[in-house]
Amino acid sequence: MNKDQLSSIMVIFGGTGDLTHRKLIPALYNLLNENKLPPSFAVVAIGRRDKTNEEYRKDLKEAAQKFSRFKIQEEKWADLEKRIYYYSLNFMDGEGYPDLEIYLRELENKYKTQGNRMYYLAVAPEYFEVIVGDLHKNQMTEKEGSWRRVVIEKPFGQDLESAQYLNHKITHAFSEENTYRIDHYLGKEMLQNIMVIRFANAFFEPIWNNKYIDHIQISSSEVVGVEERGGYYEKAGVLKDMLQNHMLQLLALTAMEPPVRLDTQSIRDEKVKVLKGLQQMSTEEVKANVIWGQYGAAGEIKGYREENRISPESNTETFMALKVQIENFRWSGVPFYIRTGKRMPTKSTEIIVQFKSMPKILYWQEYEDLQPNLLVIRVQPMEGVFMQFNAKQPGTETQVVPVQMDFCQNCHIGSNSPEAYERLLYDVMRGDSTLFTRWDEVEYSWRFIDTIAKVRKEMNIDFPNYEAGTWGPKKAQELLQKDGREWWNI
Ligand SMILES: NC(=O)c1ccc[n+]([C@@H]2O[C@H](COP(=O)([O-])OP(=O)(O)OC[C@H]3O[C@@H](n4cnc5c(N)ncnc54)[C@H](OP(=O)(O)O)[C@@H]3O)[C@@H](O)[C@H]2O)c1
């Protein structure tokens, strides 16, 4: 990669916020550490608070020391730090943008960034429209011979209608090509690895279909509760916080057809087809196939309703399990079970493919409890691939037992996978939007989610219905049991 193409100013709206401190600045440091940031690069971080550059840089250094995956080295930090500028602006005050433009131009001349800019909106979603609108009004969204890109954090809308409205506003100012909608799961190593595992190995792709696969489980669990995000989470719940974006992206990558090429459009085209193919459920089907949960207290651990900034009568769900079908030739008849929630026993995200069993003859006659073949793609925190198959236990008798092969990508010393935001920021700079969601992906996700949300709105569930530290409500187990299956907790 020619580093000139990366030359740019990163303008962060929300420079004093949590995301900037915990993710963006550590990611920039790690990119610098790996020699991926060009010298012609600077950051302008915008917040409302009064701060000098020195004060701001000191705050960032503390955050980087805490959250960076590489240890902070003084010399390298100094190199980054001197290129970070704090700019105080109330971005609701439209009058402030001309001065910001003058400030950015001065830095562009100083750092020879050729007018290239990444506007990163690390702010609450209700501000996306107003910031983009003001940038456009002040002719800051385009410049001949330069690139101007906008990065939008999740959530992108609250439902299909609000997402369409927001998209209309954004595309008025930035082309689709220059709009980078973040789903940070896509920046994770193992998500990028799903396509490699599927399409670069002869022994997976030929059996990746309804002839050989019994069902697929996609599971993402967190041990923590809502933490400090109560205000946001009360409105979103797990449906909008996890299912609409991360879980459907995992599903799309697992189920997509091989793209004709590895370019951005071809990959996104295939993902969209999966989302389009999701079976639209009737009200009765939603009631039967979607399970909702909210955690209650357990010992010292508070229940959701006792958490900070949560209503004591909250009806917001912190857990979901659902069964979905993809209506296409490859997947007809193969259920996908999705499960995600907070305050569960372990932190893990994985895709579990359970293969159909062999005909019930030979060993199956003798060992009725033979285990099915499983392929597990571990996404986080462990990264790797796990396989379970049957083999003979050494000995004079023929005893068949399940054995496991476990490839752990991040267990080895020296392997230090990049954080998702490193990859994503680097991709924005080099203009590669493959790991970001295209508008039609967002649109089809919301179409699917809106149907479920509509039914959910009419339902009154007796919350809390699972104890913190467990695998969700009993009904989640029953969802699979009634199909003769069970959740794998591997
Ligand atoms: N935090 C995460 O881990 C995380 C993860 C995924 C997605 N996100 C998304 O990232 C975005 C930012 O989240 P966050 O947690 O970083 O939020 P946050 O900590 O609440 O930060 C909000 C930022 O917006 C600034 N701000 C608010 N109103 C302003 C105004 N009128 N003028 C100028 N600045 C203003 C604040 O500046 P002042 O404080 O100086 O006023 C602050 O820098 C959200 O869309 C969120 O959904 C966050």
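Analyst: N245 counts as buried because its relative accessibility is 8%, where buried means under 20% relative accessible area, exposed over 50% and partly exposed in between (1.4 Å probe, protein chains only). This is a predicted model, so local features need pLDDT of at least 70 and side-chain atom pairs count only at pLDDT 80 or more, while totals for chains, interfaces and linings use all residues. Residues are numbered from 1 along each chain as its sequence is written, and side-chain values use heavy atoms, with hydrogens and water left out.

User: Where is N245 placed?

Analyst: N245 is in helix α8, residues 230-255. Helices (H or I, at least four residues) and strands (E, at least two) are DSSP runs, numbered from the N terminus.

User: What does the side chain of N245 make a polar contact with?

Analyst: With the side chain of Q244, at 3.2 Å. A polar contact is a pair of N or O atoms within 3.5 Å; within protein, one must be able to donate a hydrogen and the other to accept it, and residues adjacent in sequence count only if both atoms are side-chain atoms.

User: OK, the ligand. Which residues come nearest?

Analyst: T16, D18, R22, R49 and V123, out of 22 residues around the ligand. A residue is near a molecule or strand if one of its heavy atoms lies within 4 Å of it.

User: Which element gives the largest share of the shell?

Analyst: Helix α1, residues 18-33, with three residues.

User: Back to V123: buried or exposed?

Analyst: V123 counts as buried because its relative accessibility is 13%. The residue sits in the loop between β4 and α5 (128-137).

User: Now the strands. How many residues of β1 are buried?

Analyst: Six of six, in residues 8-13. S8, M10 and I12 are on one side of β1 and I9, V11 and F13 on the other, all buried.

User: What does β1 pair with?

Analyst: Strand β2 (residues 41-47) runs parallel to β1 and is joined to it by six bridges; strands pair if DSSP finds at least two bridges between them. S8 is opposite F41 in β2. From β1 the chain passes through α1 to β2 in a right-handed β-α-β crossover, which means that, with the strands pointing away from the viewer, the path from the first strand over the helix to the second runs clockwise. β1 is also parallel to strand β4 (residues 117-121), with five bridges, and I9 has R117 as its bridge partner there.

User: Last one: in what sense do β8 and β10 pair?

Analyst: Antiparallel, over four bridges, with β10 spanning residues 319-324. G293 stands opposite F319 in β10. In β8 (residues 290-293), V290 and W292 point one way, I291 and G293 the other, and all are buried.
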